[in-house]
Amino acid sequence: MSAQSVLAHLDLFTSACADPWVDGGWGIDALLGEQTRIHSDLDLVIAREQVGVVRNVLEQRGFAVIRSWLPTALALAHPDGREVDLHPVALTPDGGGDQDLGQGRTFHYGPPASGQIGGRLVRCVNAESQLRAHVGYQPSDKDRADIAALARRYHLPLPVGYVESEQD
């Protein structure tokens, strides 16, 4: 998905009164202020009560649900290959949100940060939350590169499982 496509999607959601935060690979690139690699999808953190609005906007434009793991996640894809993954959260008093992971588990996203995509400011998942979201599984090479770049830029320690990436 191109930077222009990401920004167009964000504009659509904003015009529908939804206010997502860019997550995942695009979220990391937003925090870095530059596109570092090709992204196949757009991950978004969204208030639970806005999921239906965003889903309707996407379905009206030809997207269809490909994975419904609600209340944890919802993924929609367009026939042209674009994919949008929604991560619903219950907004919290600190300005962040809690994602329901099932079985009584949650993931807390801290308050969103400002980043840049295509030279434009966007709301995105903050660096600390991005690092915490990338643990608990075997990281891919792109995960290692993303997390190493983010940790360097924000002077944060690498999470467990990424230490060998320190020299990247």
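Tutor: A pocket here is an open set of points on a 1 Å grid over the protein atoms alone, where a 1.4 Å probe fits, with protein on both sides within 12 Å along at least five of seven lines; lining residues have an atom within 4 Å of a point. Bear in mind that the model is predicted, so local features need pLDDT of at least 70 and side-chain atom pairs pLDDT 80 or more, while totals for chains, interfaces and linings use all residues. Numbering runs from 1 along each chain as its sequence is written, and side-chain values use heavy atoms, without hydrogens and water.

The space in the largest pocket is about 720 Å³. Elements giving two or more residues to its lining include H2, strand S5 (83–91) and H5. By class, the lining has 12 nonpolar, eight polar and nine charged residues; Asp, Glu, Lys and Arg count as charged, Ala, Val, Leu, Ile, Met, Phe, Trp, Tyr, Cys and Pro as nonpolar, and the others, Gly among them, as polar.

Now back to Asp-85: salt bridges that share partners join Asp-85, Glu-83 and Arg-67 into one network. A salt bridge means a side-chain nitrogen of Lys or Arg within 4 Å of a carboxyl oxygen of Asp or Glu. Between Arg-67 and Glu-83, the N to O distance is 3.1 Å. Arg-67 sits in strand S3 and Glu-83 in strand S5, so this pair ties together parts 16 residues apart in sequence.

Key. Grid points are joined across faces, edges and corners, and a volume is the space filled by probe spheres set on the points. Helices (H or I, at least four residues) and strands (E, at least two) are DSSP runs, numbered from the N terminus.
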